[in-house]
Each structure stands twice: as C-alpha cells, then as structure tokens.
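Try each one before reading the reply.

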Amino acid sequence: MEAPEPVPGYEELVRRIYRSLATALRSCTDCGWELSRRTWAENARLAWSEPLLCLLCAVGWTVARQAASRCLFRPFAKWCQLEPKDAAKVPESIWKLLYYLFSWSYSTYLLFFAGYPFFYDPPSVFYDWRKGMEVPTDIALAYLLQCSFYCHSVYASLYMDAWRKDSVVMLIHHVVTLVLIALSYVFRYHNVGILVLFLHDITDVQLEFTKLNVYFKYRGGVYHPLNDFISNIGCISFSISWFWFRLYWFPLKVLYVTCHSSLRCVPQIPFYFFFNTLLFILTLMNVYWFMYIVLFVVKVLMGQVREVNDVREYDIDTRRKVATFQTNDGKRNNASYWKERKPLMNGIVKDKRP
C-alpha cells in the first residue's frame, strides 16, 4: 500500500490545483468529440439493468413520499395544530430530514467503519484505479440509493416542493449531482463519490432539522420557546458546518485530489476536465447558498431579523409586505394582497403581478 500523501496548506493546495489544470490543458492535443467518443467506449462500464433499476427506485421514492405525506406527515402537522403556511411545508422537510439522515449515516459508516481510508487519506481514492473495476457491493448500494433519490428530486423540485427564490439553482444542483453520481459510477470514480456525498449530506440534515423547529415554534396558537431555542442553535451549527464541510473540506479533500492527485495516480485519467468542471460548478453553488447564510447573519446583527426564518421563502417577503400595508393603511385590501402575493407550491410558479 502506498504511503499517504501529505495534505498541503490551503495556499499550496490552490497553487497545485492551478498547475495541474494548466499542465493537463497544455498536454491535451486531441480533446475533441472523437477523443470523447473513444474514451467513453474504452472506459464506460454499465449494465442495461442498472439504469432501469435506478429509475424504478426513483419511482419508488416518489410513491413512498406521496404515501408518507398523505398518511403520516400531513396528519401529524394537523394534529400539532401548526399554522397553515407551516403545515404545508412540514411534509417536505420531514421527508428530506429522514432521507439525508439515513444517507449521511450510511456514508459515515462506509468512511469510518467499513475499512475505507478515503477520508483520512483522500488520494487513496485513485490508488489501484483501473477501468471497468468491480464496485464493492456496499458502495454500489449507496450509489443506487443516491442516484435514484436525485432522479426523484428533479421531479420533486418541479412538482412537489415549495417554490423558493433559489429553486432554479436547486434544480441545476440536482441535475449536476445526478450527472456526477451516474457518470462517476460508469467510469468507476465511486470512491470519490462517497467522499463528496459525505461532505454534503450533513448540512442537509441540519438544514431540515432547523426548518422543522422553525415551523413548530407556534403550535395551536401558542409560542414554544424550546423550538425557538433549538432553531437558533441549529442555525448556528448549520452555518458553521456549511463553511467547514462544503467550503473548506470539500476543496481540501476532493478538488485537490481530483485536480492534482488524480494525474499523479492515473496520468491519462478519462474525462478529467469534464468531472472537474462539474465539481467546480458544485462549489460555485455552495458559495451561492453561503451568501444566503451570510445575508441572514448580517440581518440578525443589524437587528433587521429577530427570529430564524428561511430567507429563500417567498412567503416571508409576502408577510412583510402585508404587515407594512396594514401599518400604512390601517386595513387590508384583499384584492391588492392577492394581486401581490406569489404562489408557494407545485411547479415552476411565475410572479402573478402584471
């Protein structure tokens, strides 16, 4: 077994990534469609039954979510006497919390209890790599779950989830993630994929848990300070974890490996630029969402926000407009309110204002 490669400092990491990209670009003298076709034919490995099984599981996720929402999540929200606007969002958050908690727990098991060294020795993801290599059963199961879930998530973002200010970016994120998961399996980059999924799923667990506590602050018209306190702690934990896992560890443990270490282990690695481009797109989206987090923190520090809310939600802005309207005019004009209001659910919803 090769000795673990020492992880450089952050500035050295950036320099090495830049040099590796520049070297690969200069050495690419035949990077056209013909090379891509030939590389695909020589390296891609996928049985016809595998995408079929993935699509069946995606349908299963969708049916399971609809059944769970109808029979469990919505009745539970009604029993808790939540406000209608919060009760409508509870099924989505419970569903995502349960899935991401399970998926992150499973990736944690793979990285820390199943004998894989990828977290402590990231370059090892490319040790002994060869085209068409067998995918271990436990990792193949993780890929089946994740790939089918993101197929479901593309559909859910359009037709099931609440529509938010970042929903277009979220849809792009699901498509990019789906392509990365599927093609990393086809080209046997599954070791990298497990590391990527571990670094991303933990923040989704914290996000959905925090949102649920926001929704449960007011039950039966009564304010519950415990849920408010938990949502505040969750917001702080989520912000720190997002920066640490997605903006620090992700470049350190994934981008460095895919851009630099991969060329040292596999000099003619297939689709080097394609996969790294998608990973950098994923990084840019992480930075985009971190801007929402920073925006919220700034508003809290400036006293513009007194409680934790999801600043991506349209109904947050709507309630502020209504409150301002009531303050200025002393009464609520229903026609004007509904004209200004933006729909919240189901599909790509456009602003109804002329």
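Q: How many helices and strands does the protein chain have?
A: This is a predicted model. Along the sequence, the pattern runs α-α-α-α-α-α-α-α-β-β-α-α-α-α. The secondary structure of the protein chain comes to 12 helices and two strands.

Q: What percentage of the residues in the protein chain are buried?
A: A residue counts as buried when its relative accessible area is under 20%. The protein chain has 354 residues, and the buried ones make up 48%.

Q: What share of the contacts with a separation of 6 or more is made by residues 24 or more positions apart?
A: A contact means heavy atoms within 4.5 Å. Take the contacts in the protein chain with a separation of 6 or more. Residues 24 or more positions apart account for 79%.

Q: Are α6 and α7 roughly parallel or roughly antiparallel?
A: Two packed helices are described by the angle between their axes and the distance between the axes. For α6 and α7, the axes are 9 Å apart and the angle is about 155 degrees. Angles over 145 degrees count as roughly antiparallel. Therefore α6 and α7 are roughly antiparallel.

Q: Which word describes how α3 lies to α6?
A: The axes of α3 (residues 49–79) and α6 come within 8 Å and cross at roughly 55 degrees. That angle makes α3 oblique to α6.

Q: Is the crossing of α3 and α6 left-handed or right-handed?
A: Residues from both helices meet here. Among them are Leu53, Trp61 and Arg65 in α3, and Leu144, Phe149 and Tyr155 in α6. The crossing of α3 and α6 is right-handed.

Q: Which residues does Ser148 touch, not counting residues up to four places away in sequence?
A: Ser148 is found in helix α6. Its relative accessible area is 1%, so Ser148 is buried. Ser148 is also among the α6 residues that meet α3. With residues up to four places away left out, Ser148 touches Cys54, Cys57, Ala58 and Trp61.

Q: How far apart in space are Asp166 and Trp289, C-alpha to C-alpha?
A: Asp166 lies in the loop between α6 (137–159) and α7 (167–186). With 1% relative accessibility, Asp166 counts as buried. Asp166 and Trp289 are 123 residues apart in sequence. In space, their C-alpha atoms are apart by 8.4 Å.

Q: How many residues of α8 are buried?
A: α8 has 26 residues. From its first C-alpha to its last, α8 reaches 37 Å, close to the 38 Å expected at 1.5 Å a residue. The helix is mostly covered, and its buried residues number 25 of 26.

Q: What is the N to O distance in the salt bridge of Lys96 and Glu92?
A: A search of the whole structure finds nine salt bridges. Lys96 and Glu92 both lie in helix α5 (residues 90–112), four residues apart, about one turn of the helix. Lys96 is buried at 14% relative accessible area, and Glu92 is buried at 4%. Their side chains meet in a salt bridge with an N to O distance of 2.9 Å.

Q: How many residues apart are Arg246 and Asp204?
A: The side chains of Arg246 and Asp204 meet in a salt bridge (3.3 Å, N to O). The pair links distant parts of the chain: Arg246 is in helix α9 (residues 225–265), Asp204 is in helix α8 (residues 190–215), and their separation is 42 residues.

Q: How far apart are the closest N and O atoms of Glu208 and Lys211?
A: Glu208 and Lys211 are three residues apart in helix α8, so about one helical turn separates them. Glu208 is buried at 4% relative accessibility, and Lys211 is buried at 6%. Glu208 forms a salt bridge with Lys211, and their closest N and O atoms are apart by 3.6 Å.

Definitions and conventions:
Residues numbered from 1 in each chain as written. Predicted model: local features only at pLDDT ≥ 70, side-chain atom pairs only at ≥ 80, totals over all residues. Heavy atoms only, no water. Buried < 20%, exposed > 50% of the residue type's maximum accessible area, 1.4 Å probe, protein only. Salt bridge = Lys/Arg side-chain N within 4 Å of Asp/Glu carboxyl O. Expected span 1.5 Å × (residues − 1). Axes fitted to C-alpha atoms, helices over the stretch in contact; angles between N-to-C directions. Parallel < 35°, antiparallel > 145°, perpendicular 65-115°, else oblique. Left-handed = near helix turned anticlockwise from the far one by under 90°.
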